Amino acid sequence: MKNMTLENIAKACNGIYVGDEDLKSKEITGVEKDSRLIEDGYLYLPFVGARVDGHDFIPQVFDKGALCTLSEKNLDNPKGPYIKVESVATALKDIAEFYRKQLSCKIIGITGSVGKTSTKEIIASVLEEKFKVLKTEGNYNNEIGEPLTILKIRDEHEVAVIEMGISDFEEMHRLAKVSRPDVCVITNIGTCHLENLGDRDGVFKAKTEMFDYASKDCFVVLNGDDDKLSNVKEVNGHAPVFFGIDTDRDVMAIKYESLGIRGTKVKIKYFDKELNTVIPIPGYHMIYNAMAAVCIGSHFGMTLDEIDSGIRNLKAIGGRNNIFTTNGITVIDDCYNANPMSMKASINVLSQANGRKVAILGDMFELGENSKELHKEVGQAAVGKVDILVCIGNLSKDIAEAAIEGGCNTLYFPNKADFEENLSAYIKEGDTVLIKASNGMKFKTIVEKLLDQKKIEHKSYSYDNSQA
């Protein structure tokens with residue numbers, strides 16, 4: 001890794017190097033917090049968790065070939081050099097910030113209340129048609145995951161698509177200080193993390209902290225249909241590019257046709273050019289994500305044919321609007337996370353399915369004092385769009401009550417186990433089933449039980465959109 005010598009790393013994180021002086025000029029080959037994944041030449045990050053102290057694994061990481069480790073403790077007779085720091089978490093950000101300054105790779109930062117991951121995926125899918133791309137994997141969008149992602153960038157990478165998630169003020173400042181984005185994308189300003197951010201004005205303030213550490217010539221792409229974002233006039237002296245459906249914007253979806261759960265056919269106008277494409281993942285909200293991808297692809301000099309191919313080649317990921325069939329049931333696996341905006345969007349996706357429509361919804365966390373009302377809004381949104389609504393969890397009782405009041409056929413379970421015990425009694429062959437809740441509800445087990453119901457082959461959903 002370029003200029004990542006032990007000496008430079010120690011300086012970058014204000015640490016104290018302890019060990020063989022001859023090794024200070026050696027460069028690390030990687031950075032890892034999981035001792036099981038250490039390889040030759042790696043720097044190990046021993047985080048202290050609720051149940052496990054990473055410092056306990058320092059002897060093993062040296063046995064596996066680690067070049068060095070950070071440590072919050074003085075180590076007696078370690079098997080290799082270490083850098084003493086006050087906080088491994090803080091040191092990680094400092095090290096990643098130093099490494100970022102060595103890189104020529106362009107960084108695209110993506111944030112927003114809803115759609116960060118799907119927007120990241122479609123932008124990466126487009127850019128991969130022309131460039132060597134690194135993207136955020138899994139849930140690596142926080143103050144540990146984001147710097148670790150930056151530290152995975154190598155010389156061959158031309159563009160990195162970085163997801164940036166926050167739940168409080170100043171978090172975005174810390175993330176952007178590490179990544180120093182060349183491109184900023186904000187999907188929307190919604191009702192998430194209100195426990196800390198208060199209201200949508202607070203969400204807007206926290207998300208746009210990204211701009212404070214953006215590059216001087218940063219290219220900014222914003223959702224022009226969002227009433228908060230549409231008021232941004234300039235960033236670092238440059239006007240943003242706005243995309244929208246409902247408003248006259250630089251980039252517009254001028255025609256679109258739902259293909260049900262197979263996706264959406266759309267015509268996108270990018271300034272004076274037009275693109276006809278098919279988004280293979282369903283949902284009205286995916287049109288916004290595709291427009292953002294058109295903006296980014298065009299900014300990086302891609303042809304409309306290349307952009308079209310990247311959109312059509314988009315693949316769903318587990319837990320994120322991933323659609324598959326199993327045991328004669330179509331499953332919309334969107335169980336990774338949830339907030340009111342994404343819940344309503346997923347209900348709209350389900351409403352486009354054929355056959356009986358079943359929504360299995362759970363609690364949404366971190367909604368603050370308006371949690372009760374926001375859950376009720378989801379229940380109201382389900383009325384007339386689903387045939388059976390299953391609500392699970394203490395907070396979801398409000399979803400159920402609002403849905404019942406609206407005449408929706410609704411089942412309520414205080415806990416997930418009660419529902420899972422008799423799952424087959426509520427779901428039948430031919431159903432399309434949406435599964436969605438905040439990640440802490442662990443609804444992945446419901447997906448797994450649907451897969452295990454019978455010994456029938458699990459076939460991933462696919463759609464040939466090449467002729468559309």
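Me: Which elements are included in what covers the buried residues of α6?

Reply: This is a predicted model, in which local features need pLDDT of at least 70, side-chain atom pairs count only at pLDDT 80 or more, and totals for chains, interfaces and linings use all residues. Residues are numbered from 1 along each chain as its sequence is written, and side-chain values use heavy atoms, with hydrogens and water left out. Helices (H or I, at least four residues) and strands (E, at least two) are DSSP runs numbered from the N terminus, and contact means heavy atoms within 4.5 Å. The cover of the buried residues of α6 includes α3 (88-100), β6 (106-111), α5 (145-150) and α8 (200-207).

Me: How many of the residues of helix α6 are buried?

Reply: Buried means under 20% relative accessible area, exposed over 50%, and partly exposed in between (1.4 Å probe, protein chains only). The buried residues of α6 are Glu 171, Met 172, His 173, Leu 175, Ala 176, Val 178 and Ser 179. Helix α6 (residues 171-179) is thus mostly covered, the buried count being 7 of its 9 residues.

Me: Is Asn 77 buried or exposed?

Reply: Asn 77 lies in the loop between β4 (68-71) and β5 (82-84). Although Asn 77 is not a glycine, its phi is positive, at about 50 degrees. With a relative accessible area of 75%, Asn 77 is exposed.

Me: Which residue has its backbone nitrogen 2.9 Å from a polar atom of the side chain of Thr 136?

Reply: Thr 136 is found in the loop between β7 (133-135) and α5 and counts as buried at 0% relative accessibility. Leaving aside residues up to four places away in sequence, Thr 136 touches Lys 120, Asn 141, Thr 149, Val 161, Ile 162 and Glu 163. A polar contact is a pair of N or O atoms within 3.5 Å; within protein, one must be able to donate a hydrogen and the other to accept it, and residues adjacent in sequence count only if both atoms are side-chain atoms. The backbone nitrogen at 2.9 Å from the Thr 136 side chain belongs to Glu 163.

Me: Why is strand β16 largely enclosed by the rest of the structure?

Reply: Ile 329, Val 331 and Asp 333 point one way from β16, Thr 330 and Ile 332 point the other way, and all are buried. Strand β16 (residues 329-333) is therefore largely enclosed, the number of buried residues being 5 of the 5.

Me: Which strand pairs with β16 in the antiparallel sense, and which in the parallel sense?

Reply: Two strands pair if DSSP finds at least two bridges between them. The antiparallel pairing has 5 bridges, with Thr 330 as the bridge partner of Thr 325; its hairpin has 2 residues between the strands, and Asn 327 in the turn has a positive phi of about 55 degrees. The parallel pairing has 4 bridges, and in it Asp 333 stands opposite Ile 435. The antiparallel partner is β15 (residues 322-326), and the parallel partner is β20 (residues 432-436).

Me: How many residues apart in sequence are the parts tied together by Arg 200 and Asp 226?

Reply: A salt bridge is a side-chain nitrogen of Lys or Arg within 4 Å of a carboxyl oxygen of Asp or Glu. The side chains of Arg 200 and Asp 226 meet in such a bridge at 3.6 Å, N to O. Arg 200 lies in helix α8 and Asp 226 in the loop between β10 (219-223) and β11 (241-244), so the parts tied together are apart in sequence by 26 residues.
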